[in-house]
Amino acid sequence: MAQVSIVMGSDSDLPVMQKAAEILDKFGITYEMRIISAHRMPDTFFAYAKTAEERGIRVIIAGAGMAAHLPGMCAALFALPVIGVPMHTTSLGGRDSLYSIVQMPSGIPVATVAINGGANAGLLAAKILAVSDAALLEKLKAYGREMEENVRKKDEGLQQENRVKDGGRNGL
């Protein structure tokens, strides 16, 4: 049974939303992925959002561009957390999407990540689920250590490159 639902209004959002799926896969979190337009198929959308909890969904990650109503409408119908992913748009660079998602009315919160922030949406969903899952929390901590080690290795490589370029004169 899926714990997270990844939903988008168009298949053009798939490359960004796939990044959320990759993060969920990394942590062994089950998910479903759907393309459902709140504007073009409202009856299907309402059924999807209203039945998410009974299907076992604990977090919805909703990606949307332009008017970006999908995340907010999910939050209006689904009592558990919704994470909005604003999509980059050609007309306003995604600011339209960002503002539409982040400016929700009082009582209808949507956690919002950066424009095209699918990977961070997946991580945030994992962190939400880790509140009640100690094994998942340990995986997230290990992931943090792995990121730290990767940055450390990159810094060491850069420092080595700098030593070679200046002949060791600057003591880097």
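Predicted model: local features only at pLDDT ≥ 70, side-chain atom pairs only at ≥ 80, totals over all residues.
Ser5 counts as buried because its relative accessibility is 0%, where the cut-off for burial is under 20%. Leaving aside residues up to four places away in sequence, Ser5 touches Glu32, Tyr48, Ile57, Val59, Ile60 and Ile61. With Tyr48 there is also a polar contact, in which the side chain of Ser5 meets the side chain of Tyr48 at 2.5 Å.

Elsewhere in the chain, a pair of helices can be considered together. Two packed helices are described by the angle between their axes and the distance between the axes. For helix α1 (residues 14–26) and helix α5 (residues 118–130), the angle is about 35° and the axes lie 6 Å apart, and α1 passes α5 in a right-handed crossing. On the side of α1 the contact is made by Val16, Lys19, Ala20, Ile23 and Leu24, and on the side of α5 by Gly118, Ala119, Gly122, Leu123 and Ala125. Sorted by class, this contact of α1 with α5 comprises seven nonpolar residues, two polar residues and one charged residue. The spacing of such positions can be read against helix geometry: an α-helix has 3.6 residues a turn, so residues three or four places apart point the same way.

Notes
Residues numbered from 1 in each chain as written. Heavy atoms only, no water. Buried < 20%, exposed > 50% of the residue type's maximum accessible area, 1.4 Å probe, protein only. Polar contact = N/O pair within 3.5 Å; in protein donor to acceptor, adjacent residues only side chain to side chain. Contact = heavy atoms within 4.5 Å. Axes fitted to C-alpha atoms, helices over the stretch in contact; angles between N-to-C directions. Helix = DSSP H or I, 4+ residues; strand = E, 2+ residues; numbered from the N terminus. Left-handed = near helix turned anticlockwise from the far one by under 90°. Nonpolar A, V, L, I, M, F, W, Y, C, P; charged D, E, K, R; others polar.
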